[in-house]
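Trainee: I am new to this structure and would like a close look at a single part of it. Please start with the whole and then turn to that part.

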Amino acid sequence: MSTLKDIPVRYETQQAPARGNPLANVFDEFMNFCRSRSLFMLHYCTGCGAIELPPAMTSRFDMERLGIQPMVTPRQADILLVTGYVSVKTLKRVILTYEQMASPKYVIGICSCTVNGGMYWQSYATAKKLNDYLPVDVYIAGCMPRPEAVIEGLRKLQANIAAGTSDNWKDYYQRYDHYLANQQRLFGETWQTPTDVIGEAKRYGVIGPETEGEHTRLLGLHKAPLEPLRMTLNAGKLERME
């Protein structure tokens with residue numbers, strides 16, 4: 001198979017086996033509790049929903065009292081907030097940002113645009129369903145949702161993390177071929193990021209039956225290794241050699 005239309009997309013999920021020893025879960029529960037009380041949030045302001053974040057962060061609603069505070073880099077962020085409609089061009093950067101975050105990581109989609117495209121559902125330039133391309137943990141619908149709704153969504157995520165039920169980040173590794181299929185259908189079969197997602201899946205021990213498939217093999221045909229750029233000094237100017 002060499003074309004996208006010939007490659008089937010499967011949507012099944014596989015549940016991880018339950019742990020037999022109840023004492024084995026004690027430390028996990030403690031870690032989940034601590035993790036839910038200390039979350040760094042990277043707000044990727046893609047649309048108009050971002051206007052609700054400043055009042056949610058500042059003194060009137062004060063989300064930091066819940067143990068949630070903004071972060072400016074994906075390297076230290078736990079939560080990726082996608083705040084509004086996502087254009088096809090912007091979605092590439094959203095995916096790259098998500099892949100740069102260390103696991104466990106969580107995604108919150110704000111506004112109806114991330115649920116079904118919202119008022120832009122007929123636009124050729126926007127992605128309609130965010131969870132076709134990334135595993136979304138919580139949706140906060142509205143056009144736009146008020147700060148109270150944003151905080152309620154964050155509290156819902158905290159409760160899921162504390163309960164140990166917010167493991168959608170594993171789904172990205174276990175069903176990477178599925179997410180890559182949707183990305184390739186939108187961006188073209190040559191779409192790639194520098195992130196070795198399959199290598200990370202092996203590192204975290206979350207390889208699934210759908211981690212690799214026809215679409216990851218197609219990625220292997222087009223993926224080019226990263227190479228250092230040559231820099232030369234010419235007439236007092238630093239030039240990059242492509």
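Mentor: The model is predicted, so local features need pLDDT of at least 70 and side-chain atom pairs count only at pLDDT 80 or more, while totals for chains, interfaces and linings use all residues. Residues are numbered from 1 along each chain as its sequence is written, and side-chain values use heavy atoms, leaving out hydrogens and water.

There are 9 helices and 9 strands in the protein (DSSP runs of H or I with at least four residues, and of E with at least two, numbered from the N terminus). Of its 242 residues, 42% are buried (under 20% relative accessible area; exposed is over 50%, partly exposed in between; 1.4 Å probe, protein chains only).

Now to α8, which spans residues 197–204. Its buried residues include Val197, Ile198 and Ala201. Seen down the axis of α8, the buried residues fall within an arc of 100 degrees, so they line one face of the helix (the arc is taken from the directions from the helix axis to the C-beta atoms). An α-helix has 3.6 residues a turn, so residues three or four places apart point the same way. On the face turned away from the buried side of α8 are the exposed residues Lys202 and Arg203. The cover over the buried residues of α8 includes α3 (88–100), α6, α7 (176–187) and α9 (214–222) (contact means heavy atoms within 4.5 Å).

Rings of Phe, Tyr and Trp (its six-membered ring) pair if their centres lie within 6.5 Å; planes under 30 degrees apart count as stacked, over 60 as edge-to-face and the rest as tilted. The count comes to 9 aromatic pairs. In one of them, Trp169 and Tyr204 have ring centres 5.8 Å apart and planes at 75 degrees, so the pair is edge-to-face. Trp169 belongs to α6 (residues 168–174) and Tyr204 to α8, so the pair ties together parts that are 35 residues apart in sequence. Trp169 is buried, at 9% relative accessible area, whereas Tyr204 is partly exposed, at 34%. After α8 comes Gly205, with a positive phi near 70 degrees.
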